[in-house]
Structure formats: structure tokens, C-alpha cells
Amino acid sequence: MVELRHLRYFLAVAEEKHFGRAADRLHMAQPPLSSQIKQLEAELDTLLLERTTRKVELTEAGALLMERARQILAEVEATKHDVAEVGRGAAGILRVGFAGTATYRLMPEIVRVARERMPLVRLQVAGEKLTPQMEEALLENRLDVAILRPPVQSSEISIDEIQQTRLVAVLPQQHELAQEAGPVSIKAFAKDDIVGYPRSSSVFSVISEMARQAGFRPRIVQEATETSTLIALVSAGLGVSFVPGSQSFPLNSSIAVRPLEEEVTVGLGTAWKTGNDSPLLSSFIELAREATRNLENHSIQSA
């Protein structure tokens with residue numbers, strides 16, 4: 001039977017590629033460590049390590065086990081942490097992912113409302129994530145819920161749409177259109193270098209379709225998963241970018257923002273793995289709607 005200690009021992013040897021250093025790292029003698037690895041190989045009925053007098057090399061099976069062992073041990077540590085959190089008085093824990101621009105404005109409001117409405121629930125937040133990353137994390141149960149931009153690929157993901165956000169153009173201050181005001185057509189950027197989200201993102205798909213309809217193909221010179229990185233690249237003069245909502249990201253004096261004439265919007269929704277009937281999840285879905293309404297009402301009052 002493979003035990004966690006076997007995986008910890010094996011991972012130390014695999015990473016150090018040396019039994020002596022691995023034994024020192026584990027604070028144990030080398031002979032029992034070697035014996036434990038042999039037991040693991042016997043249990044799995046496969047050779048994991050190629051041993052020579054000078055070094056240790058992983059077999060293909062060993063390389064696979066190293067990858068899986070890291071995942072298993074990380075999940076065990078996360079579970080220990082979650083259980084300890086609940087034991088310290090939390091009613092539950094929700095692991096929440098947020099899309100890029102939702103990280104800056106919506107995430108703080110959701111956290112604020114959660115502290116009021118769900119005081120015994122602790123949110124573990126991961127921000128500035130792309131939809132494909134969060135979809136995979138939901139399917140693999142590494143996230144409980146995500147605020148992401150549809151569409152998703154899997155039919156196993158349910159989505160409650162909470163917002164539609166217009167796309168805006170973000171320009172470096174030295175750009176010839178930066179000093180003008182009002183909406184601008186995407187056609188005006190046909191010859192510009194563009195920094196954008198990766199091709200797997202929903203925003204990239206929308207921008208590509210807009211450009212196609214305008215008669216050009218976007219010249220992407222740099223991709224970034226984080227909106228903050230895109231803004232920094234624009235600020236440095238690397239190109240222009242298109243992101244959801246000028247009120248959703250941190251501005252600085254080195255950029256200018258122009259709405260697009262096309263008035264194209266991208267959605268934002270609360271997503272979860274279909275079949276998850278957790279009461280915490282149900283509460284969070286409603287909470288996300290409330291936080292979104294709060295921000296919309298605040299924007300109307302500020303206008």
C-alpha cells in the first residue's frame with residue numbers, strides 16, 4: 001500500500017537526485033530511505049529511479065510519479081489547512097477565483113459583503129485569472145466558485161450572469177488618439193501594435209471578431225494574463241489594449257481610456273461545477289448578485 005510518507009520520501013530523492021542529500025533533507029539515515037524507495041517500487045511494480053554511483057535519474061514512470069506526488073501532497077496540505085480553519089470557528093471555506101478586471105472592483109465589494117452576510121465563512125481568493133484556468137480549476141475541484149467571463153467549454157459548469165461590461169481602448173499617453181475624448185472605432189487601431197489577453201480568453205475572441213468585421217487582423221505583439229500587466233505594458237508604450245470597463249482597473253497618468261463606438265460588451269458571471277448543492281455556494285451566488293448591484297447603484301449615484 002502506497003502511503004503519504006512514501007510519496008514524501010520519493011519526492012525528496014526525485015528533487016535532490018541524490019540519496020544522501022535527500023536523507024539530510026528528511027533528517028533520516030540513507031539506508032532506511034533507500035529501503036523505503038525500494039518498497040515503493042515493489043508496491044508499484046515499476047522502476048522509478050535509475051541509480052548510479054554518482055547520481056540518480058528519474059525513469060518515465062518516476063517523472064510521472066513526481067508530478068502526481070506534488071499534486072497529492074499539496075492537496076493534503078490544503079485539506080489540513082481547511083480543516084484547521086473550520087476547527088478554529090469558521091463555518092466553512094469557499095475557494096473563489098476572479099477574472100482580471102473583476103479583481104479590482106468587484107472582488108473587494110464581494111469580500112466586504114461576505115464579511116457582513118457570511119461572517120463565519122472564509123474566502124480563499126485567487127485574482128486575475130483567465131476563464132479557461134478557472135474552468136479547469138472548477139472541474140478539478142481546486143476552486144468552489146469563480147467570477148469569470150463566459151463562455152466556458154464544459155457542459156459541467158453552470159453560470160449565473162451578473163453583469164455586462166463594455167470594452168474600452170487603453171492607450172499610452174503619447175498615442176495620437178490619447179488626447180481626444182469620446183468613443184473611437186476599433187478601425188482607428190488597425191495599424192497599431194496591440195497587447196492583449198491570451199488567445200484562449202473570451203476577450204481575445206471578441207476583439208478578434210470586432211477587428212475581422214472592421215476589415216483587419218489585430219497585430220498582437222505581447223500577451224498577458226493579468227489586466228494589471230496589460231496596463232503596465234500600455235503605459236510603457238508597447239501598444240494599445242482592449243479591456244472590459246474603464247472603472248474596473250487601476251488607472252495611472254501614463255495611459256488614456258477611450259470607449260469604443262462599437263459598444264460591444266462582455267459578460268461576467270458566477271460559475272460553479274454543476275451538481276454542487278452546497279448551501280455556502282448558494283449563499284455566495286446571491287451575495288455576488290448583491291455586490292454587483294451595489295457597485296452599479298454607486299456608479300449611477302456618482303454619475
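1. The largest cavity in this predicted model is lined by 14 residues. Those that lie nearest its centre are Ala 99, Gly 100, Leu 130, Arg 149 and Val 203. Its volume is about 120 Å³. By class, the lining holds seven polar, five nonpolar and two charged residues.

2. The count of cavities of 30 Å³ or more comes to two. Among the lining residues are Ile 194, Val 203, Phe 204, Pro 218 and Phe 242.

3. Which element gives the largest share of the lining of the second largest cavity? Helix α7 does, with four residues. Both β7 (193-196) and α7 (202-214) supply at least two residues each.

4. The whole structure has 24 salt bridges. One of them joins Lys 17 to Glu 57, with the closest N and O atoms 3.9 Å apart. This pair links distant parts of the chain, 40 residues apart: Lys 17 is in the loop between α1 (4-16) and α2 (19-26), and Glu 57 is in strand β2. Lys 17 counts as partly exposed at 39% relative accessibility, and Glu 57 counts as partly exposed at 31%.

5. Arg 112 has 37% relative accessibility and Glu 116 has 47%.

6. Salt bridges also link Glu 15, Glu 16, Arg 21, Arg 25 and Arg 70 in a network.

Notes: Residues are numbered from 1 along each chain as its sequence is written. This is a predicted model: local features need pLDDT of at least 70, side-chain atom pairs count only at pLDDT 80 or more; totals for chains, interfaces and linings use all residues. Side-chain values use heavy atoms; hydrogens and water are left out. On a 1 Å grid over the protein atoms alone, a cavity is a set of points where a 1.4 Å probe fits but cannot get out, and a pocket is an open set with protein on both sides within 12 Å along at least five of seven lines; lining residues have an atom within 4 Å of a point. Grid points are joined across faces, edges and corners, and a volume is the space filled by probe spheres set on the points. Ala, Val, Leu, Ile, Met, Phe, Trp, Tyr, Cys and Pro count as nonpolar, Asp, Glu, Lys and Arg as charged, and the others, Gly among them, as polar. A salt bridge is a side-chain nitrogen of Lys or Arg within 4 Å of a carboxyl oxygen of Asp or Glu. Buried means under 20% relative accessible area, exposed over 50%, partly exposed in between (1.4 Å probe, protein chains only).
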